[in-house]
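This report covers selected local features of the structure shown below.

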Amino acid sequence: MAKTYDCLFKLLLIGDSGVGKTSILFRFSEDAFNISFISTIGIDFKIRTIDLDGKKVKLQIWDTAGQERFRTITTAYYRGSMGIMLVYDVTNEKSFENIKNWIRNIEENASADVEKMILGNKCDLDAKRQVSKERGEQLAVEYQIKFVETSAKDSLNVEYAFYTLARDIKAKMEKKQEASNPPGGRSGAHQLKANEQQRKPTSWLSRCSVL
Amino acid sequence: MSDSESVEKNGIEVSNEYVENGTNKLIVKCKFCGSKMLDKKSGTFVKQEKDLPLMQQETGKDAEVQNEKVNEFYHVENMYTFENIGFTHTVDNYKYLSCADCDAGPVGYYDMNTKHSFVALSRINHA
Ligand SMILES: Nc1nc2c(ncn2[C@@H]2O[C@H](COP(=O)(O)OP(=O)(O)OP(=O)(O)O)[C@@H](O)[C@H]2O)c(=O)[nH]1
Ligand SMILES: [Mg+2]
Ligand SMILES: [Zn+2]
């Protein structure tokens, strides 16, 4: 069957146990379903489809297992990942300090050009906060990584974070492809109108899907 | 579920209120939160009998999983055909499919050998 999407990005969520990685992939709602069976087995990954500037983008988002530590996460874990969400818990100082260790681990094991973003989760719990937003921002500046505070519970900034990371990956890929394929006869191929693209899907697909 | 007016065996063209030319006529959504799982015409209707764990397990002390027999599925060859879906960790060479938003499930299963997915018609809504 023909592909029905323009891009496929593999993303990974990492961070200390309990920071809310699994929760970020879940939409909390009033009538929360009894999820006992599914949550006992645990989610490996989710596929979500987003519209990114008119492109249909599939995100395959991998959750990491609860007890994993940066010491045990190695190259195999990162294979194929194009984006990584580094998550800490704003009510847990230690999880924030460990972000540096996670970044080091990524530098040692992941591909050098993987896109990263730092999430300070549980920002709804202001009374219990141990890490100020300013410290999160400082860390992000230090490593030149984008940062946002999120609340999985209130669905605050979660969608924004995934769109931002996906947009950055797409921009990086386009830049790379421009470089390896300088403007000439093919220039503007990705500016075709939607219906033209459907007739000539390869022009865009060859640029964007890295499977 | 529909009482399958003209539902036939695999391979034979099937039509009823949900199936047209062998594929899902309507969008496939989560029964609980409405999250969109499959676009129109992206799953092939198949009949096959499978044991699927109940979506709502009775919370007893014995950890025995309660199953039911399900026999109508949409077959999805490529996992990236899904709009939004969750895959559990692997159990006996299968992954279970769940709603990407509210985690309701299993709504079907994924076979690690063939890499094909199957969505149970009885576990989803058509819209
Ligand atoms: N108040 C609040 N609680 C949250 C938030 N996100 C997660 N939690 C809670 O924090 C706890 C841990 O969340 P999980 O999503 O299981 O954390 P995790 O990072 O997946 O943990 P591991 O799987 O052990 O690595 C749960 O009780 C969640 O309900 C949030 O944004 N706000
Ligand atoms: Mg988890
Ligand atoms: Zn749902």
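## Cysteines

Cys123(A) has a relative accessible area of 14% in this predicted model. Because the cut-off for buried is under 20%, Cys123(A) counts as buried. Cys30(B) has a relative accessibility of 3% and is therefore buried as well under that cut-off.

## Ligand site

Ligand 1 is surrounded by 16 residues, and the closest include Ser17(A), Lys21(A), Ser23(A), Asp124(A) and Ala152(A). By residue class, the shell around ligand 1 consists of eight polar, five charged and three nonpolar residues. Helix H1 of chain A, spanning residues 21–24, supplies the largest share of this shell, with three residues.

A side-chain N or O atom of Lys21(A) is 2.7 Å from an oxygen atom of the ligand. For Thr22(A), an N or O atom in the side chain is 2.8 Å from a ligand oxygen atom. Val19(A) takes part through its backbone, where an N or O atom lies 3.4 Å from an oxygen atom of ligand 1. Taken alone, ligand 1 exposes 650 Å², and the protein buries 72% of that area.

## Backbone geometry

Most residues other than glycine have a negative phi, and most peptide bonds are trans. The residues below depart from one or the other of these patterns.

Lys122(A) is not a glycine, yet its phi is positive, at about 70 degrees. Lys122(A) sits in the chain A loop that runs between strand S5 (115–121) and helix H5 (133–143). With a relative accessibility of 24%, Lys122(A) is partly exposed. In chain B, Asp92(B) also has a positive phi, of about 50 degrees, without being a glycine. The loop that holds Asp92(B) lies between strand S7 (85–88) and S8 of chain B. Its relative accessible area is 69%, so Asp92(B) counts as exposed, the cut-off being over 50%.

The peptide bond that joins Gly105(B) and Pro106(B) is cis, with an omega of about 0 degrees. Pro106(B) belongs to the loop of chain B between strand S8 (94–98) and strand S9 (108–111).

Key:
Residues are numbered from 1 along each chain as its sequence is written. Chains are lettered from A and ligands numbered from 1 in the order in which they are written. This is a predicted model: local features need pLDDT of at least 70, side-chain atom pairs count only at pLDDT 80 or more; totals for chains, interfaces and linings use all residues. Side-chain values use heavy atoms; hydrogens and water are left out. A residue is near a molecule or strand if one of its heavy atoms lies within 4 Å of it. A polar contact is a pair of N or O atoms within 3.5 Å; within protein, one must be able to donate a hydrogen and the other to accept it, and residues adjacent in sequence count only if both atoms are side-chain atoms. Accessible areas come from the Shrake-Rupley method with a 1.4 Å probe; for residues, only the protein chains shown count as cover. Helices (H or I, at least four residues) and strands (E, at least two) are DSSP runs, numbered from the N terminus. Ala, Val, Leu, Ile, Met, Phe, Trp, Tyr, Cys and Pro count as nonpolar, Asp, Glu, Lys and Arg as charged, and the others, Gly among them, as polar. Buried means under 20% relative accessible area, exposed over 50%, partly exposed in between (1.4 Å probe, protein chains only).
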